[in-house]
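Keep the sequence and the 3D view open as you read.

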Amino acid sequence: MSTPLLIAALLVLTAVAYVLGRRRSVAVSAGAGGIRNLHSLPSYYGSYAALWCLIPALLVLALWVAFRSTIVTELVVRDLPQEMQQLGPDRLGLVLNDVRNLTSGNVVSREVTPELRAAADHLKSLERTSAAAMAVVVLSLGVIGGGLAWRQISPRLRARNRVEAIVNVLLIVASLIAIFTTVGIVLSVLFESILFFRTVPMTSFLFGLDWSPQIALRADQAGSSGAFGAVPLFTGTLLISGIAMLVAVPIGLMAAIYLSEYASREFRAVAKPVLEVLAGIPTVVYGFFAALTVAPLVRDAGVALGLEVASESALAAGLVMGIMIIPFVSSLSDDVINAVPQSMRDASYALGATQSETVRQVVLPAALPGIVGSILLAVSRAIGETMIVVMAAGLSAKLTANPLDSVTTVTVQIVTLLVGDQEFDSPKTLAAFALGLVLFVVTLGLNVIALHVVRKYREQYE
Amino acid sequence: MNGKEGGHIVQRFDAQLGSLKDLVLEMGRLVLQQVRDAAQALEEGDTGLARQVVHRDRDINTLDMKGQELCLELLATRQPVASDLRFVMAMSQAVNNLERAADETKKLGYVVSRVYGENDLQPIPSLFQDARHMAASAVELLEDALEAVEELDVDKAVAVVQGDEQLNEAFHAGLRRLATFLFEDPRNVRHVIEAVFVLKALERVGDHATNLAEFVIYAVKGKDVRYVKAEHLSSGFLDAG
Amino acid sequence: MNATMGTLSDAATGVAGRADAMDGLRIRNFSGTVGEVTVANPRMRTRGVDVYYGDKHAIKNVTLDIGSNEVIAMIGPSGCGKSTFLRCLNRMNDTVEGCRVTGHITLDDKDVYDRQMDPVVLRAQVGMVFQKPNPFPKPIYDNIAYGPRIHGIAASRAELDEIVESSLRRAGLWDEVKDRLDQPGTGLSGGQQQRLCIARAIAVSPEVILMDEPCSALDPIATAKIEELIDELRQNYTICIVTHSMQQAARVSQRTAYFHLGDLIEVGETTQIFTNPRHKLTEDYITGRFG
């Protein structure tokens, strides 16, 4: 019985357990004076039986699937001839691969010896046995679990509390999955970065001014010495993010102020969703907008002013990125400005302040923490942005503060380092993890600050 | 506006105001009985009845205390305003006046005990001739005043206030007659003094009945008419400004 | 917003010859308010004021004088228009969309709804205290200094310090906050916040202070302090207070006005209103017979 089929069978069993549990609760209630004398509603008894049927069986199924291949392989290896077992782990892996291919009827890379054939047959029979055993164990566990729960059902059984406790555990597990995933990502990035820092010292990575992540294939190759100084990437990131924020913060903030304080209800109803559509445009679209429309425009404008502008400039990428970020700033700021109580405005008006005085001296200061929070979120978004920069700002890691020059950013370099066929143990590849770690730390820091600031703001009117 | 105690959103308030009024009416009935019995004891020289009258004053004192407590409770817990406030104040005053009217009947009881109970004094019933008429009209006034309280009827209250004038006239006429009697035979001075006490007490009962009526007018119309001449009282005067 | 204000002043000035109409206190379609609506020394006068929120006729032909140095209480059931009327007096209704005011309102014989009258200047003269204490999330000092700063009342920092101190003293708050003027006003207790709001209103030295249920969010002790403060402020200011608490109206005011469904039903001396109201509706409302 294949695994999906088994799961389907288990689900059917669960449904049966539910129905039976429910029925039994109704049946036992008849002896105790009706459903109102049951501790819980019949559906809770049904769920109780169903959960007992499903969860243990599912757990065993998951464990079984997880360890099956290891155990089966181990058993096959033990039956291989002695000289094959003596092979190194690499060669043994190849042999096992052939055995597997043989069982599934694929092309085999070597001559099929009787030993190999025997191993393949053994593997096949083991897998068949395993599948059958699994089906039997899982289904009987489901029946036993459901049956035990079913037998427990009595009017005094606190099915509701138990079901809710189980649901509670499930909710905790779900939230833990998200946390462990994050932790897993961090750890994997961290370990790869440590590998990287074994070959390249951390100081030369963090403070080196030259970035040319070449690794020589041959010792005599030109430019064979790779340089992993990430400073140009940081400055490029800063430059582009800075330009983006210069565009996004004033425009977004002023849009937010207009929308929340001055605009009529009708205008706001139209303008706010339209502004938020900006956030829904894929960044690739922004990217080619930047590369094909804005970058030539910037270059032409620069030429007209007598400036030398690279065809892929930080300015073009920053401008477009800024536009992309506007809705982040404006939408969040609009929300926090609206969250400033009307009573604040009334108080100001009642003292004879005009509307603009009220906005400047009461509304904005009151909303400032929230606005700062929204800007920090926008910054972390800008730092993490890749596509626009790849397409509009170029790939050359120049250490420059000139917005008209082409620069590159951390994220872009991560992409280029990992694109294509790579050796996973070369410093070039591992550098991507180090960059990723830096990026992660920076954006995490910004997010923590932003969340903290926003929370502080929330407390103010409670 | 109508001074009736009904119609509040808080029905318990209505009930409290109603029980205050019931207490006043019960007290009024007791006082009325006291006046009647005192008059009868005087008429018949019944010292036993007179002693009963004196004795029953305690019941009235108890009701007085109960009534004042009820008023205080209403003021403290309901903070009545407007007609409710006036009603509570008026009932508080009514209780007070009824208690004092009852005190006057107690005095009558003492007079009867002295006059008919002491052996060295030969009673002269003719001296109490005027007292009989005055007692009758005092009873009538008190009855009317209680009716005015019961129905919160301004017209009846005005009639009581105006009716008291006749009682006062009867009192002065009685005093004159007693004076004449004293001139004729000064040896009867002790009898005359007792008779003056009797007339004065009955006159005071009438005054208290009048006060009751005046507080009814205050409760309903919101006007203090205690110092307004009786002949000026009319519904036109009460409704003006 | 500006559009609303435009129509407002248009509507207000649209009444022909409004300045003349004030002469001789001509009362348009006298609505039948019971009691004396005029006083000998009025600070503010309203004549035939109607307020509409869209189609809703919120205030109907209200004529009322507000005397100098008096506390006048506005009472009435919810939605009777008492708050709306209050907000007409300093044109706070301007900020409400769809609100239209007609009729005449004067402050010291100057037309409040005149085109010449800047609502900003008006509101400096007619201050307002709101139902919920609403101090700005700024230091206590800046809360008080806010009004004087925007109106340029203080020439120097020292003068501003003096205004802040005297306002807080008048509001009976100085001793409680003098050591923490740099801490946020939102950190005070509810009663202190409300007194801070009163101090803030006083700081621009208004002539009239409007109070919209100033104690409804406060406990009895804080309420008593505010009431004591109102009593003291009467020496220098005219105070209009809207309140849901009839006992409060009885305690703090000299005159009381009863509103019902947008009509001014009765106005009179507070003692008279609370011992012997003349209108049946007033009687029923204050005695708790209102159905």
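## A sheet in chain C

C:Asp50 stands opposite C:Thr102 in β4(C). Before going further, please note that this is a predicted model, in which local features need pLDDT of at least 70, side-chain atom pairs count only at pLDDT 80 or more, and totals for chains, interfaces and linings use all residues. Residues are numbered from 1 along each chain as its sequence is written, chains are lettered from A and ligands numbered from 1 in the order in which they are written, and side-chain values use heavy atoms, with hydrogens and water left out.

Strand β4 of chain C covers residues 99-107, and eight bridges join β1(C) to this antiparallel partner. Strands here are DSSP runs of E with at least two residues, helices are runs of H or I with at least four, and both are numbered from the N terminus. Two strands count as paired if DSSP finds at least two bridges between them. Strand β1 (residues 42-53) of chain C is also joined to β2(C), again by eight bridges and with the two running antiparallel.

Which residues face each other across β1(C) and β2(C)? C:Val49 is opposite C:Val62 in β2(C), and C:Tyr53 is opposite C:Lys56 in β2(C). The hairpin of these two strands has two residues between them, and there C:Gly54 takes a positive phi near 60°.

Putting the strands together gives an open sheet of four, in the order β2-β1-β4-β5 (chain C), with antiparallel pairing. The edges are held by β2 (56-67) and β5 (110-111) of chain C; each has a single partner strand, so one side of each is left without a neighbour in the sheet. As a general point, the side chains of a regular strand alternate between the two faces of the sheet.

C:Arg91 has a phi near 60°, a positive value in a residue other than glycine. You will find C:Arg91 in the loop between α3 (82-89) and β4 of chain C. Is C:Arg91 buried or exposed? With a relative accessible area of 2%, C:Arg91 is buried (buried means under 20% relative accessible area, exposed over 50%, and partly exposed in between, using a 1.4 Å probe and protein chains only).

C:Leu261 also has a positive phi, of about 50°, although it is not a glycine. Its place is the loop between β9 (255-260) and β10 (263-269) of chain C. C:Leu261 is exposed, at a relative accessible area of 56%.

## A buried glutamine

C:Gln248 belongs to helix α10 (residues 246-252) of chain C. At 4% relative accessibility, C:Gln248 counts as buried. What does C:Gln248 touch, leaving out residues up to four places away in sequence? The answer is C:Cys215, C:Thr223, C:Glu227, C:Ile241 and C:Thr243, where contact means heavy atoms within 4.5 Å.

## Chain C as a whole

Chain C has twelve helices and ten strands. Of its 291 residues, 56% are buried. Among the contacts in chain C between residues at least 6 apart in sequence, 68% join residues at least 24 apart. Chain C exposes about 11300 Å², with carbon and sulfur atoms supplying 49% of it; accessible areas come from the Shrake-Rupley method with a 1.4 Å probe, and for residues only the protein chains shown count as cover.

## Chain B, built from helices

Chain B has seven helices and zero strands. The radius of gyration of chain B is 20 Å, close to the 18 Å that the globule rule gives for 241 residues, so chain B is as compact as a globular protein of that length. That radius is taken over C-alpha atoms, and the globule rule is 2.2 Å times the number of residues to the power 0.38. The C-alpha atoms of chain B fill a box of roughly 65 × 35 × 20 Å along the principal axes.

Buried residues account for 49% of the 241 residues in chain B.

In helix α15 (residues 410-418) of chain A, the buried residues are A:Val410, A:Thr411, A:Val412, A:Gln413, A:Ile414 and A:Leu417. Just after α15(A), A:Gly420 takes a positive phi of about 90°.

Two pairs of chains touch, and the most contacts are between chains A and C. Chains A and B do not touch, and their nearest C-alpha atoms are 33 Å apart.
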